[in-house]
Structure formats: C-alpha cells, structure tokens
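Let's take a walk through a protein model together, one spot at a time. Keep the picture open while you read.

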Amino acid sequence: MTQYSTILPRPLTNASILEWESTAIEPLEQSPELPGLSLVMPIYNSGQYLEKTIRSILCNCLEGIQIIVVDGGSNDQTHEIVSNYIDYIDVFISEPDRGQSNALNKGFSHAKNKVLGWLNGDDLLLPGSLTKVRKAFLREKTQVVVGNAFMTEADLTPIRHFKFNKKRLKYETLIDYAFNHLIQPSVFFSAEALRSIGGEVNESLHYSMDAELFLKLSKRYNFIHLEEDIAYSVYHADCKTRGKRAESICELAMVQSRLGEHNAAKKTLQILIDLYNQQKEELELSTIEILNNKIDENAAQICKLLEAK
C-alpha cells in the first residue's frame, strides 16, 4: 500500500517528519455528497511548529478541502515553510492584523464550503480526520461535530486524552468551561451555524474566542460526538493560554458573565485566587528557606571566628 511519505513534499527539516508518515494510507471512499470543508490557519511567527502542522493536514484526503492560511506578517521562517507547501494552500494572506480573532475572521470570509474549522500553527490533525468529520456532517445532518483529541507536550507526548460524550457536549456542562472545555482543533461547525451567531468570532477576545464561540453554538445546537481521535492540541511553553494563564482565566470569566452565567464566572475566577494563594505560599516558603540558609551561613562564620580566637 502507498505510504504518506511517498506523496508528501520533501520536508525542509527532518524534525518535521511525523511518525505516521511511514504508515500505509488507509483507502477512504469519497462521495460527491460529502460537504466541502474550509480549514483556516491563523498564524504568526509559527515557524518552530508550522511545518509539522501543514504536513499533518496533508495526511488527509484533500478533495473537497479548502486550506486558508492567514499570517499576521511573520518575520521568522514562516514564509519559507508556506512556500514549500504553497501548491496545497488555496488562500494565503500575509499582512499585519489585530490578533488571532481578526485573522480567523479574515479566513472565514474567504471560506467557500459548508463546513468550517481552524487549526493553529502548532496543532496537528490525525490521518483521515477530515474525511471522518465530513462523513459525520453528512450522516447526522448536524451543525456542529466534536471529535476526541489529545493534549500533548511539544514532543507529542500525551498529557491527556479528551474523550467526549453527549452529556459533556451540552451547554449546561460546557458553561463550566474552565473545567469542561473542548479541544479546539477537534471542533467543526457549519458556515450556517457561524452566521446564526453573528458570522464571526469576537475580535475583542484574545484567549477565549473559541470558548465564546462554542458556548454560543451549544446554546443553539446539539453537538454531535464523533467517536474518533481527530487532533493533537500541542501545549508548549509559548502557548498563549500557558504563558498568559491569568489573562486567559479573567477573559473566560468575562465571557461567562456576558452570557449571564455569573456563578460559572465566579468559579472560574476562583482558579485565579487559588493560583495567587499557591504562589504566595511558595514564595513565603522560599523566603523562609533563604533566611534559614542565611542564618546557617552566619552561624558557621561566627563559629569559625570563635575558634580562631
């Protein structure tokens, strides 16, 4: 059987080769009835991870797939990477933007297909995922499909396997989003659904635009669970929600409050209070340890002086 490695372009760096590229391609039956899917990639200086991300998309049947890359004017190796795969990219925009949400809206404005999704420049799709998602939309006649996903370290070591179910995809569960959140690259929705809640993501949000979008959708539609592993969400040191955790928590609480879910907002803000108390305690313990060490050093010096006398 044909292997992915035989049909993919030569990588710019061997470190970008994915472990499943050496596996055989599973034959996937295509159907003219399958809805088209537009995948938006909002990126900015994503060169460290971007080639793996693009190669993960290419380990999917691209018939009926529109790939839209929206770059915020990167000054790293992003353009070199995009150039290596430009034949597979349907729309490429590179210009300064007002952040990730603005980039997403630019991308969605170019989308031509019925099904939409987005993939950040450091996340990965698993082989055959896009066809599985499209088949689910066709089979279920639905507006939103959510697959299972892994959160991983930068080296793709799994941190947690997110397996969803019908109850976990209800608004009443998802509103407690800090504790019951989705994995963004495994969520796909129809263009019709996006239009029904305003047609775009909230550009005033920089961390929780996906949370607000999914919560609004879950209020209006039943989410269909696809019992398949769809994506890897890579949780590395440069992730916004990791490096700016306090800001992301505050923004999520604001989203919940705007939806009228004040108890959920309070519960989210309690995470911030707990983090503060934890860091305060660690700082106090660290300070005590430093003082104790200093006392021990001073005592040792006094003993030496006494012995010398």
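## A tucked-away glutamine

Glutamine 66 has a relative accessibility of 7%, so it counts as buried (that word means under 20% relative accessible area; exposed means over 50%, and partly exposed is in between, using a 1.4 Å probe and protein chains only). Before going on, note that this is a predicted model, where local features need pLDDT of at least 70, side-chain atom pairs count only at pLDDT 80 or more, and totals for chains, interfaces and linings use all residues. Residues are numbered from 1 along each chain as its sequence is written, and side-chain values use heavy atoms, with hydrogens and water left out.

Where does glutamine 66 sit? You'll find it in strand S2, residues 65-71 (helices, H or I with at least four residues, and strands, E with at least two, are DSSP runs numbered from the N terminus). Its side chain makes a polar contact of 2.6 Å with the side chain of serine 38. A polar contact is a pair of N or O atoms within 3.5 Å; within protein, one must be able to donate a hydrogen and the other to accept it, and residues adjacent in sequence count only if both atoms are side-chain atoms. Skipping neighbours within four places in sequence, the residues in contact with glutamine 66 include Leu37, Asp90, His110 and Asn113 (contact means heavy atoms within 4.5 Å).

## Rings that meet

How many aromatic pairs does the structure hold? There are six. Rings of Phe, Tyr and Trp (its six-membered ring) pair if their centres lie within 6.5 Å; planes under 30 degrees apart count as stacked, over 60 as edge-to-face and the rest as tilted. Take phenylalanine 108 and phenylalanine 189: their ring centres are 6.0 Å apart and their planes are at 70°, so this pair is edge-to-face. The two come from distant parts of the chain, 81 residues apart, with phenylalanine 108 in helix H3 (residues 100-109) and phenylalanine 189 in strand S8 (residues 187-190). Both phenylalanine 108 and phenylalanine 189 are buried.

Another edge-to-face pair is phenylalanine 150 with tyrosine 232, at 5.6 Å centre to centre and 85° between the planes. This one also links distant parts of the chain: phenylalanine 150 is in strand S6 (residues 144-152), tyrosine 232 is in strand S9 (residues 224-234), and they are 82 residues apart. Phenylalanine 150 and tyrosine 232 are both buried. Ring pairs also tie Phe108, Trp118, Phe189 and Phe214 into a cluster.

Proline 9 is in the segment before strand S1 (37-43). Is this residue buried or exposed? With 17% relative accessibility, proline 9 counts as buried. Leaving out residues up to four places away in sequence, proline 9 touches Arg55, Leu58, Asn84, Tyr85 and Tyr88.

## Zooming out

Now for the whole protein: it has ten helices and nine strands. Of its 309 residues, 48% count as buried. Among contacts between residues at least 6 apart in sequence, 77% join residues at least 24 apart.

What about disulfides? The structure holds zero, where a disulfide is a pair of cysteine sulfur atoms within 2.5 Å. Among the cysteines, cysteine 59 is buried at 1% relative accessible area, while cysteine 250 is partly exposed at 35%.
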